[in-house]
Amino acid sequence: MAVTVKIPTQLRAATGGEAEVEVDGSTVGEVLDAVFDTYGDLRERITQDGDLRRFVNVYVSGEDIRFQQGLDTGIEDGDEVTILPAVAGG
Amino acid sequence: MSIESLKCKECGTPAELGANYVCENCFGPLEVAYDYSGLEAAEAKRRIQAGSQGIWRYADFLPFEGRPNDPLEPGLTPLVRADRLAARLGIDAELWIKNDAANPTHSFKDRVVAVAVAKAQELGFETVACASTGNLANAVAAHAAAAGLESYVFVPANLEEQKLLATGVYGTNLVGVRGNYDDVNRLCTQLAETRPWAFVNVNLRPYYAEGSKTLAYETAEQLGWTLPDRVVAPIASGSLFTKLGRGFQEWLDLGLVEGRQPAFNGAQAEGCDPVATAFAEGWDVCKPQRPETIAKSLAIGDPADGPYAVEHARKTGGGIDAVSDAEIRSAIKLLAETTGIFTETAGGVTVGVLRKLAERGEIGAGERVVVYITGEGLKTLDAVRDTFQMHEIDPHLDSFEAEFSQEVAV
């Protein structure tokens, strides 16, 4: 599936300034791996031991993946995957 | 004490002082770091006591390069003894209520917003904004108006009417989002990337959160420069809870007070208790929830500082409990009937948890306990609707006698 991954400002140093990345994948985990294949620095910044770090939120078309199947959440063609900091609010 | 840098709470990486809130290295939250050297306890105390009658008396401990300026200065709210409440709860404790509804917009949010709006001006912003469950909306709209700044306030569209009215009146751009608080928060996180605005609880959050420390300082000062044995405070994002801890710790480190951190008891509503659940389960992350509770000001299903709140409750030998909507309503009445303080639902949550601790025998004899009431009852009137009956009579003595004959006859 072809999806757009939105990169937050704080991570764009690791993507050469790119705000959006187009990749293929059938789950969130596969999509993120595809992004890490291109931008290796990102992996360490947002994951630890194969899981997302605790202050990283990922949404598939606006839905928090923790309400779905986490990194196994399925992706459909045209979905938008958004990575955002989890440290706002309150 | 002077402001040094921002620093990641997770990995310790420093970041520049500015409108930053996320560590670029590990995505953790940034916090303000200070240079404590050169601040001597007696001199610090003297400067506080010679200061203003509000939170700016603690300016040495707040994140500014110069003197902060916000004309709607909050703080120095009453700390009152609650002996009648202690008696009703059957506890032999020295019980105090810190009534932080007595602030300019009637909640503790005036503290964090005063700091954030002053910082926004120091950083050169002309527009302030926020994602709010209501109290923050009131405060941002008011402080922006007082400072002459433009403001945008984002809230869940289904918020209590009182909170919407008490925001709109200040002439802000009030935006009701069709979704819950966590949706509003996500939207504001995205907007903060493109708009040149100071979102007080997004890109200015490291400074904003520091305002909550003033609640700890005031408590210690009002108790004659001593610390309580235990505090009971509400948890939404967990920021107030953890910053209370930071405030006490700074004064312990500097020698302004002696002893040790109080035991920290956190309070959540059962309809939104991700932090209480993480505490009970022994997790170091919070599993997000979709809130369903009358305590809307605490209805944050994805709490940013949840992990740190859990850690602080554990470290201090406290705990985190949750109460039902029925317990919240009954605790609001209990507080009102025994102290004359009418709190909003968040205060009902806090007093409800205090009652639970009392029932479980967790409050020791002679313990000095401070309970934080963070908001005003007039903002959540629905919570007390139909909980009592008014006596309706004609304007004649007979009518009164007839209505009250049973009570009067002894």
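Modeller: Domain bounds come from an automatic or database domain assignment. For chain B, that assignment gives domain 1 (79-106 + 212-384) and domain 2 (109-206). This is a predicted model: local features need pLDDT of at least 70, side-chain atom pairs count only at pLDDT 80 or more, and totals for chains, interfaces and linings use all residues. Residues are numbered from 1 along each chain as its sequence is written, while chains are lettered from A and ligands numbered from 1 in the order in which they are written.

Start with the domains. Taken over C-alpha atoms, the centres of domain 1 and domain 2 of chain B are 24 Å apart. Contact pairs 20 residues of domain 1 of chain B with 17 residues of domain 2 of chain B. (Two residues are in contact if their C-beta atoms, placed from the backbone, lie within 7 Å.) The domain 1 side has seven nonpolar, eight polar and five charged residues. Here Ala, Val, Leu, Ile, Met, Phe, Trp, Tyr, Cys and Pro count as nonpolar, Asp, Glu, Lys and Arg as charged, and the others, Gly among them, as polar.

Now the helices. These are DSSP runs of H or I, at least four residues, and strands are runs of E, at least two; both are numbered from the N terminus. Axes are lines fitted to C-alpha atoms, for helices over the stretch in contact, and angles run from 0 to 180 degrees between N-to-C directions.

Take α8 (residues 213-222) and α9 (residues 239-254) of chain B. Their axes lie 7 Å apart, at an angle of about 50°. Therefore α8(B) is oblique to α9(B). (Under 35 degrees counts as roughly parallel, over 145 as roughly antiparallel, 65 to 115 as roughly perpendicular, the rest as oblique.) The crossing of α8(B) past α9(B) is right-handed. (The near helix is turned clockwise from the far one; anticlockwise by less than a right angle is left-handed.) On α8(B), the contact includes L215(B) and Y217(B); on α9(B), F248(B) and W251(B) are among the partners. By class, this contact has seven nonpolar, one polar and three charged residues.

Compare α12 (residues 325-339) and α13 (residues 345-359) of chain B. Their axes come within 7 Å and cross at roughly 90°. So α12(B) is roughly perpendicular to α13(B). I328(B) and L335(B) are among the α12(B) residues in the contact, and G348(B) and V351(B) among those of α13(B). This contact divides into seven nonpolar, four polar and three charged residues.
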